[in-house]
Each structure stands twice: as structure tokens, then as C-alpha cells.
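Good morning, colleagues. Please have the model open as I speak.

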Amino acid sequence: MKNQNGYVDSFVKLIQCPTVTNSGHEYFEAFHKVLDEEFPNVKQTCEKIEVGGDVLLYKWRGKSSARPLVLMAHQDVVPAVGGDWKYPPFSATVVDGKVYGRGAMDCKNTLFSTIQAVDELIEQGFVPEQDVYLSYSDNEETSGPGASMARDWFKSNGITPFLVVDEGGAIIKKAFSLMKKDVAAVGILEKGYADVKFIAHGKGGHSSQPPKQTPIARLAAFINYCEHHTVFKPKMSKAAKAMIYGLGDALAFPLKGFCKTIGLTGWWVSKLAPKLNAAYGNSMFATTMVFTMSSGASAPNVIPQDAWVVANLRFAPTDKSEDCFNKLRKLAKKYDLEVEVLQSREASPMIDVNGEGYQMYKKALNEVYPDVAVVPYLMFGGTDCRVLQQISTNAIRCTPCALSFDQLGGMHASNENVDIKSLEECVGFFKKFIQEYK
Ligand SMILES: [Zn+2]
């Protein structure tokens, strides 16, 4: 059995594989070789199912196949170019009880904790009550087809997972004096997503004789309007309510009472919060839109015939994508812009916090982390979980790996790192959860 040093050795090797999303098969092949070496019991006992690409899907046969459990993660990481890294991003440098490197908390920690837990349990001779699958996609960061390939395999084999567990929330360490407990944020819903292109057509021409209302000027006016007006109204959603109410359990007086009251009746907070903190308030209560790409003429002295910008939208669970697009079409018309929806998906269904899946997870969290407040979490970002959720009875988005606020800032940024102690506890959690899962 691995000791703490063994954990570090294995985890370091995973980080040292630069499995940058879409970087090429050879990087993932090398990663798979490391997994085979580091987790020999999984290699020996679990069935490796080919679903295509570099997706990994392992099946660990249990006593029953009635209520399969799927533990998900992704193998790929975002690139680590630029930024102010203290240590090279794929060196996996160990300093002060932390491992630094790209993927340390998004989400090779999830992959490591789940596969290590299974490997240890096999070594101990444990046989799970239900079939357990490990499903690791290879292109989550680009919303690639990896997770869909796994989903299609389950579908075509007539298997309905009872519970899928993926990355999402974490254990967030106490950060201020009124925060009395660490928070285990359990993702219950992820916001929807769309990329929308706004195109302005014009006559082009030489820049020495410029007319008014050129394509870029119209796009700029449109962007300016969107920046200074509330395009999508903030609203209180069921998920936001559950999250605020739950947060009360982690806070001291007077914040505790405040959250508990708001969680029950505080629709007005959805109106006030965006005014106090636009970024967070809007993300929590509204559909957000931000302009991320643009293009104009190919030379500085040419008025473009066509110019465009792309906006990225995240739909609140209270909004339907088509209603938002209609609003944008109406608005864009005023600036004579064409609207093209490049891709779109609705917010995921919210999981029932009183349902069996959530309650089972909560019970294990309470047992392994008795001093932690378990809080439902409305996720602003996306995960692969939404894909397997389509065929599963329950879906949970949470890797109970303890992170500080500072460490959370390392996601997709420089100096991403994780505590070795947190990794150890997380392996312990997954072992416990698998043992209790029936
Ligand atoms: Zn991730």
C-alpha cells in the first residue's frame, strides 16, 4: 500500500505528463502508461473499455449491476503558456507540503483521488456492492466529444448509472472571521452556455473618405450599450436560494441569520447583489454576457466590409436560451447587426438536494469531514458531468479536496497547486464513499 510519499510520487508523475487539451495522442498515450504503472491493481482487475479517442473508461465489477456508480474526471489540462509561474508548470515541484503544476486542482487531483481509492480498495480485497466505473475524458477543457463517447457506450449497452460524480465544487477553507466552518461546495447545477457572433456589414472603402456608421462603429455602440445596461434581468433561482441558505451553516452571527432568511424569502437580494458586486452578483443571479473575440479589416487603412464580435453567454437557470437570443436579436437590429448563434446549451437540470444521490454524498462528506458545512453550489462554469447526467439518475459535481481561496485562484492561471494533505484526505473520502455505496 502506498504511504504519503507514494501518493506524492504518483501524483507528481501525473502532473509531469503535459496532457494539454488537443495536444496530440502521444501525450495521452504516455499518460496512460504512467497510470498503468502507478495503479497496477486497477490495470489488473478493472476492465478497460475502448470507447474511442484517448478516453479512459474502466469498469470495476461489483456484486450488483443495478445501480452503477460513475466517478468522472478529465485527463486534459489547459495550456500553461505565459503567466508568472514560480516553478515550471509541468515540473510538479513539491514545496511546503504542496504540489505545484498545471492540472494540480483542475483536475488531476480528482483523477488521482478516484483511481488511487479504487486501486487501494482492490488491494485490500474489497468488492463493491455495485459496479463502479472510472470515466476520464480527454478533451473536457475544449468541450470536446470525450464525455459523449463514454455516454454513448453506456447508452448502447443499456446501462443507466444511478449516480455520476464529477469535478465541480471543492472544500473551501475558512477565509474570514465570520466564516466558522470550511465549506464543501457540492455542485447541483451548472449554468447554460452559448457563443454568439454579431456581424456588421458595410460597404468598405478607403479610410481617407470615411462615412458614418461603419461596421466597427456600430459594433462598438452595441457593445457599449450592453456594457452599461442590464440586458438580462437578475432573478432569484431555486439553486441560488439553496446555496445561500446552505451557506448560513458555515457562517457566524449575523451573516448566518441573514443567509437563512434570504434563502427562504430574499428575492430582493438578486436585485441588490449585482449592484454591490457586478461580477459575482450577475454570475449568481443573471445570464451573463461578455465579448471575447473580434475582427475587422485586414489593413489599417481599409474600412472593413464586414466586422464581427463574439460574445460568450452563461444562462441563468431561470432563463431559456431562445428568450435570451430573441432579446439580443431585437437589440442588435437597432445597430443593424446580424446575429449568429455558434453554439448553445441550456443550464443543466438541478439535482434534488433531498434526493438519494445528494444525501448519500452528504453523509460521506459529514463522516470524513465532520467540521465542514455541506452546501449546495450553483456552478457558473461547465463540466463534462452535464453529458453523463443525461443518462443518469443523479449527478454530483464535487471533488472534496480542500483548497484555500488563494489556491482557487490558480484554476486556469499560474501557480496552480494543491496540498498533499488535501489529496490524502480526498483519497480517504472516495474510499469511504465507494465502501458505503449500495
Ligand atoms: Zn476541470
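**Metal site, cysteines and salt bridges**

Asp106 has a relative accessible area of 5%, so this residue is buried (buried means under 20% relative accessible area, exposed over 50%, partly exposed in between, with a 1.4 Å probe and protein chains only). Please note that this is a predicted model, in which local features need pLDDT of at least 70 and side-chain atom pairs count only at pLDDT 80 or more, while totals for chains, interfaces and linings use all residues. Residues are numbered from 1 along each chain as its sequence is written, and side-chain values use heavy atoms, with hydrogens and water left out.

Which protein atoms are the donors of the zinc ion? They are His74 (NE2), Asp106 (OD), Glu167 (OE) and Glu167 (OE), at 1.9 to 2.5 Å from the ion. Donors here are N, O and S atoms within 2.8 Å of the metal (3.2 Å for Na, K and Ca); water is not among the atoms, so sites may look incomplete. Along the chain, the donor spacing reads H-x31-D-x60-E. His74 belongs to strand β3 (residues 64-74) and Asp106 to the loop between β5 (98-100) and α4 (108-123), so the pair ties together parts 32 residues apart in sequence. Helices (H or I, at least four residues) and strands (E, at least two) are DSSP runs, numbered from the N terminus. His74, at 1% relative accessibility, also counts as buried.

I turn to the cysteines. A search of the whole structure finds zero disulfides, a disulfide being a pair of cysteine sulfur atoms within 2.5 Å. For Cys46, the closest cysteine sulfur is that of Cys426, 18 Å away and too far for a bond. For Cys259, the closest is in Cys398, at 19 Å, again too far for a bond.

Finally, the charged pairs. The structure holds 19 salt bridges, each a side-chain nitrogen of Lys or Arg within 4 Å of a carboxyl oxygen of Asp or Glu. One of them joins Arg102 and Glu416 at 2.7 Å, N to O. This pair links distant parts of the chain, 314 residues apart: Arg102 is in the loop between β5 and α4, and Glu416 in the loop between α14 (405-408) and β15 (417-419). Are these two residues buried or exposed? Both Arg102 and Glu416 are buried.
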